[in-house]
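Subject: Handing over the structure

Hello,

Here is the structure I promised to pass on to you. Please open it next to this email, and then read on for what turned up in it.

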Amino acid sequence: MSLQQLYLALLIGGLVLLASIVGTRLATRVGFPSMLLFLLVGVAVGEDGLGLRFDDVQLARNVGTTALAMILVEGGLTTLFGDIRKVLAPAATLATLGVLGSMVVTAAGAHLLLRSDWQLALLLGAIVSSTDAAAVFSVLRFLPLPRRVAGLLEAESGFNDAPAVILVLMFSSVPFVFEPRAAIADLVFELLAGSAIGVTLGYLGAFALRRIALPASGLYPVATFGLGLVAFAAAGESHASGFIAAYLAAVVLANSGLPHRSATRSFAEGVGWLAQIGLFVLLGLLVDPSELTGDAVAAIVVGLVLLLVARPLSVVVSLSGFRVPWREQIFLSWAGLRGAVPIVLATFPIVAGVPGSHRLLNIVFLLVVVFTLVQGPSLRPIAHWLGLTSREATREIQVEAAPLDVLDAELLTMTVQPASRLHNVTILELRLPDPAVITLIIRDGHTFVPTFDTRIESGDELLIVTTSSTRAATESRLRAVSRRGKLAYWFDEYGEPE
């Protein structure tokens, strides 16, 4: 490549990157994952669009696997352990038993309805069985969902990539030989070994970063993110699950009280977005729209089986041993978003040389695009219809401010609803746990700093500064007073989450 060709490639790549970034605003407002726009950008630049030819499936698989690892590290570094601590058991069940159930039902549907042979049917079921971390993280964090529901979906999407990858690799063997006992043993080993490696490297990395004085503060985010990638590579080299190792290592690092937390989170989000954009544009390049029309019916049939039968059944069976309300189970069933992971996994059997596997890529691509358009924008109205959203719920605001990071502080906002008993309660009577404080009140478009005798009114938007250690107590006190008034504790109301 000449220097001029390099300049041209960088110019095109930069323009594609900027166009994708601008498109994220539209995607966020519409309510579906921005990855869909990135995919369409890749298709527009590709062979049937501007004419850029890309057919290297093996390169796409390798780049896609690396990008997925980076996305999982980003997801782990932006996950609060308090949000997922109480849902680890149901999330792990959904990520294992749920994936297996979705795979079996979807494979049976593909075999019976599309007349696919069992190897391709099982591959298709395994490929689309897991929810996508990038899609879940990009959509659900903008919805005011109960922390338990959001945490359950995020934890599930972080865990279930690993079983899906293992199953796809297992069914990609040529010739196809399936031994159930050996398969279960391999699955258990890879998950347990990957988990152990991820948690161990996370704790070791946190221990080291607390005691090493790096020459520049900007190196701490780089080192933290690098540790997540090391966990991914170390687990893969040990024939364990690199995906679950990367996610767990990042979760441990993010919740270990390391310095420069805000900078690390911002760096991780930037790298995660870059990985998503590059991954989806590349996958869009890999697919030729002119070849998709013949598989449209198959994609819709498989998608309907997955959305209406396989996913709901797997959720009901997986959560049968946990006290999860039916409203939340319905939302969990509908919110099983698919994205980059299935498309990347569809390249694995092609590289392995499985006969007929090229068709899987087209089916999966169409399934992701069509059902993302259906599910993504509908999540907010469905959550509202099920009574899972509340404007009064506190939401975290990401602010780039060193003092907040130094104090280990968090900035929250909540809106006082008409029926809330917070109405007419003074700041002093609210008695938030020290050192939480309401710093600003926005009322009828006007902003002011409250005093101790300021009375809260319905419709007020409150800005609250608290620390990580007192956040849960602050939210509990706000819920308690909102339900029973300033004497809530006299009525044994302590603001437990519903």
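Where is the place of Pro 435? Pro 435 sits in the loop between helix H20 (427-430) and E3. A cis peptide bond joins Asp 434 to this proline, with omega at about 10°.

Before going further, please keep in mind that this is a predicted model. The protein chain has a mean pLDDT of 84, and 91% of its residues reach 70 or more. Among the elements of the chain, strand E3 (residues 437-443) has the highest mean pLDDT, 93, while helix H19 (residues 402-406) has the lowest, 52. Where pLDDT is low, the predicted coordinates should not be read in detail.

Now the overall layout. Five residues from domain 1 and seven residues from domain 2 take part in the contact.

Another backbone detail concerns His 239. This residue is not a glycine, yet His 239 has a positive phi of about 60°. You will find His 239 in the loop between helix H11 (219-237) and helix H12 (242-254).

H6 and H9

How do helix H6 (residues 118-127) and helix H9 (residues 161-171) cross? Their axes come within 9 Å and cross at roughly 165°. An angle over 145 degrees counts as roughly antiparallel, so H6 and H9 are roughly antiparallel to each other. The crossing of H6 past H9 is left-handed. On the H6 side the contact is made by Gln 119, Leu 122, Leu 123, Ala 126 and Ile 127, and on the H9 side by Ala 164, Leu 167, Val 168 and Phe 171. Sorted by class, the contact of H6 with H9 holds eight nonpolar residues, one polar residue and no charged ones.

H5 and H9

Helix H5 (residues 88-114) packs against H9 at an angle of about 45°, and their axes are 10 Å apart. H5 and H9 are therefore oblique to each other. H5 passes H9 in a right-handed crossing. Which residues meet here? From H5 come Ala 95, Thr 96, Val 99, Leu 100 and Met 103, and from H9 come Pro 163, Ala 164, Leu 167 and Phe 171. The contact of H5 with H9 has eight nonpolar residues, one polar residue and no charged residues.

H5 and H6

For H5 and H6, the axes come within 7 Å and cross at roughly 135°. These two helices are therefore oblique to each other. H5 passes H6 in a right-handed crossing. H5 brings Met 103, Thr 106, Ala 107, Ala 108, Ala 110 and His 111 to the contact, and H6 brings Trp 118, Ala 121, Leu 122, Leu 124, Gly 125 and Ala 126. By class, the residues of the contact of H5 with H6 are nine nonpolar, three polar and no charged.

Happy exploring, and do write back with any questions.

Best wishes

Terms used. Residues are numbered from 1 along each chain as its sequence is written. This is a predicted model: local features need pLDDT of at least 70, side-chain atom pairs count only at pLDDT 80 or more; totals for chains, interfaces and linings use all residues. Side-chain values use heavy atoms; hydrogens and water are left out. Axes are lines fitted to C-alpha atoms, for helices over the stretch in contact, and angles run from 0 to 180 degrees between N-to-C directions. Helices (H or I, at least four residues) and strands (E, at least two) are DSSP runs, numbered from the N terminus. Angles under 35 degrees count as roughly parallel, over 145 as roughly antiparallel, 65 to 115 as roughly perpendicular and the rest as oblique. A crossing is left-handed if the near helix is turned anticlockwise from the far one by less than a right angle, and right-handed if clockwise. Contact means heavy atoms within 4.5 Å. Ala, Val, Leu, Ile, Met, Phe, Trp, Tyr, Cys and Pro count as nonpolar, Asp, Glu, Lys and Arg as charged, and the others, Gly among them, as polar. pLDDT is the predictor's confidence in each residue, from 0 to 100.
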